[in-house]
Amino acid sequence: MYKIIPEIKGHVSHFLWDRKLFFYLLIKDFYKLLSIFGSEFKEKWKYWLEKYKQLSNEITRKKKFGNFSFWLRANDIFSIKEVFVDKDYSLLNDFLPKSGNSVIDLGAGIGDYALLASLRVDKKGKVISVESDKDAFELLVRNIEENNLKNVISVNLFISSRKKNSIDY
């Protein structure tokens with residue numbers, strides 16, 4: 001148990017900027033901590049974690065952000081917040097697409113950044129949104145259609161530098 005606490009401290013200091021990674025590692029460490037209580041408790045945790053994953057993949061609602069409407073799953077709200085509220089992608093001015101640019105959005109998710117990039121490149125530019133997850137891709141297409149984005153092309157494709165067909169998380 002005492003080894004877990006320094007690991008969490010290390011995660012906080014090194015990965016606080018990346019909330020997703022931080023929470024993933026925290027859950028992993030929490031799972032280690034639960035193993036102290038025995039296998040029955042561990043099995044219940046697995047069951048509830050699986051239930052949470054199922055619920056988080058269900059489309060929960062259509063949400064409006066400014067002029068955009070998004071079809072979301074429960075966890076997608078954090079991505080929308082990063083792009084439109086925290087404006088994480090606007091921190092580096094050189095990173096922002098400009099009018100007429102072409103943008104490739106790998107791992108497009110539900111299209112939050114694709115929508116922002118679409119506005120930035122306007123009618124002169126193109127945004128190619130690539131998403132491998134079937135559920136996220138369906139929402140990506142739905143969000144592109146919902147917001148009438150004519151300069152966004154969606155592609156359901158898995159891209160990797162390895163010759164495998166999947167990624168181990």
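A pocket is an open set of points, on a 1 Å grid over the protein atoms alone, where a 1.4 Å probe fits, with protein on both sides within 12 Å along at least five of seven lines. The model is predicted: local features need pLDDT of at least 70 and side-chain atom pairs pLDDT 80 or more, while totals for chains, interfaces and linings use all residues. Residues are numbered from 1 along each chain, and side-chain values use heavy atoms, without hydrogens and water.

**View 1. The second largest pocket.** Its volume, the space filled by probe spheres set on the points, is about 150 Å³. The lining has 3 nonpolar, 3 polar and 3 charged residues.

**View 2. Ser118 in helix α5.** At 6% relative accessibility, Ser118 counts as buried (under 20% relative accessible area, 1.4 Å probe, protein chains only). Beyond its neighbours within four places in sequence, Ser118 is in contact (heavy atoms within 4.5 Å) with Val127, Leu149, Asn151 and Val152.

**View 3. The largest nonpolar core.** This set of buried Ala, Val, Leu, Ile, Met, Phe, Trp, Tyr and Cys residues, joined through side-chain atoms within 4.5 Å, has 24 residues. Phe70, Ile80, Phe84 and Val127 have the most contacts inside the core. Two or more residues come from each of β2 (68-73), α4 (76-85), α5 (112-121) and α6 (134-146). Helix α5 gives the largest share, 6 residues.

**View 4. Around Val127.** Neighbours within four places in sequence aside, the contacts of Val127 include Val103, Ala114, Ser118 and Ile153.

Conventions. 1 Å grid on protein atoms, 1.4 Å probe; cavity = no way out; pocket = protein on both sides within 12 Å on 5 of 7 lines; lining within 4 Å. Nonpolar A, V, L, I, M, F, W, Y, C, P; charged D, E, K, R; others polar. Buried < 20%, exposed > 50% of the residue type's maximum accessible area, 1.4 Å probe, protein only. Helix = DSSP H or I, 4+ residues; strand = E, 2+ residues; numbered from the N terminus.
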